[in-house]
Amino acid sequence: MAEDLNITTSTDKTEQYITLIPQIEALLYGEPDLVANLANICAALKEQFKWFWVGFYLVKNNELVLGPFQGPVACTRIALGKGVCGSAWQQAKTLVVPDVDAFPGHIACSSLSRSEIVIPVFHNNEVVAVLDVDSELLDQFNETDALYLEQIVKLIKF
């Protein structure tokens, strides 16, 4: 596939995901390099949705370490159970946070982040990474985002 996306201008989230997912699948098809694939997923999501920050943290030596991302500089390491990312990793479940200031122990990598969704990435039933998405708007994410972002991370081959 050409490294170009067909960005839909629809305001319907479901339609945006339905248009984007096959394009992400095409970007990943035949590419074995994990970093390249994570980077393209971040770029595709950021380009389609214009979110503030989109990136992956990888589990390394019992902590999350910053991986490919799109957006401003970010926290480099996050401990298990700390912040939204560390909590999603520890609980092995997607966390949707409408207001990060109301999340106990939120790690503010940027004061501009207002809402967040974190999706664990599994390999052999273990969390090996998390996809972290931040918005500068409150209440940006919902169950639609959770559903489709969970489908997207299942495309990743670790």
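This briefing covers the cavity, salt bridges, nonpolar cores and selected residues of the structure above.

The model is predicted: local features need pLDDT of at least 70, side-chain atom pairs count only at pLDDT 80 or more, and totals for chains, interfaces and linings use all residues. Residues are numbered from 1 along each chain as its sequence is written, and side-chain values use heavy atoms, with hydrogens and water left out. The structure holds one cavity of 30 Å³ or more, and a search of the whole structure finds two salt bridges. The largest nonpolar core has 31 residues, and a second, separate core has 17.

**Cavity**

- A cavity here is a set of points on a 1 Å grid over the protein atoms alone where a 1.4 Å probe fits but cannot get out, and lining residues have an atom within 4 Å of a point.
- Grid points are joined across faces, edges and corners, and the volume is the space filled by probe spheres set on the points.
- The largest cavity contains about 200 Å³ of space.
- Its lining consists of 19 residues, and Ile107, Cys109, Glu116, Asp132 and Asp134 lie nearest the centre.
- Two or more lining residues come from each of β1 (53–60), α3 (83–91) and β6 (126–135); helices (H or I, at least four residues) and strands (E, at least two) are DSSP runs, numbered from the N terminus.
- Helix α3 gives the most to this lining, with three residues.
- By class, the lining of the largest cavity has 12 nonpolar, four polar and three charged residues. Ala, Val, Leu, Ile, Met, Phe, Trp, Tyr, Cys and Pro count as nonpolar, Asp, Glu, Lys and Arg as charged, and the others, Gly among them, as polar.

**Salt bridges**

- A salt bridge is a side-chain nitrogen of Lys or Arg within 4 Å of a carboxyl oxygen of Asp or Glu.
- Lys13 forms a salt bridge with Asp145, with 2.4 Å between the closest N and O atoms. This pair links distant parts of the chain, since Lys13 is in helix α1 (residues 13–28) and Asp145 is in helix α4 (residues 143–153), 132 residues apart.
- Lys13 is buried at 18% relative accessibility, and Asp145 is buried at 0%. Buried means under 20% relative accessible area, exposed over 50%, and partly exposed in between (1.4 Å probe, protein chains only).
- Arg77 forms a salt bridge with Glu63, and the closest N and O atoms are 2.7 Å apart. Arg77 lies in strand β3 (residues 77–79) and Glu63 in strand β2 (residues 63–70), so the pair ties together parts that are 14 residues apart in sequence.
- Arg77 is exposed, at 51% relative accessible area, while Glu63 is partly exposed at 24%.

**Nonpolar cores**

- A nonpolar core is a set of buried Ala, Val, Leu, Ile, Met, Phe, Trp, Tyr and Cys residues joined through side-chain atoms within 4.5 Å.
- In the largest core, Leu45, Phe56, Leu131 and Leu149 touch the most other members. At least two residues of this core come from each of α1, α2 (34–49), β1, β5 (115–123), β6 and α4.
- Members of the second, separate core include Ala74, Leu95, Val97 and Val118.

**Selected buried residues**

- Ala88 lies in helix α3 and is buried at 0% relative accessibility. Leaving aside neighbours within four places in sequence, its contacts are Lys93, Leu95, Val118 and Pro120.
- Ala88 and Ile119 are 31 residues apart in sequence, with a C-alpha to C-alpha separation of 6.9 Å.
- Phe141 sits in the loop between β6 and α4 and is buried, with a relative accessible area of 4%.

**Positive phi**

- Asn61, in the loop between β1 and β2, has a positive phi of about 50° although it is not a glycine. Asn61 is exposed, at 78% relative accessible area.
- Asp139, in the loop between β6 and α4, is also not a glycine and has a positive phi near 55°. Asp139 is exposed, at 53%.

Methods. On a 1 Å grid over the protein atoms alone, a cavity is a set of points where a 1.4 Å probe fits but cannot get out, and a pocket is an open set with protein on both sides within 12 Å along at least five of seven lines; lining residues have an atom within 4 Å of a point. Contact means heavy atoms within 4.5 Å.
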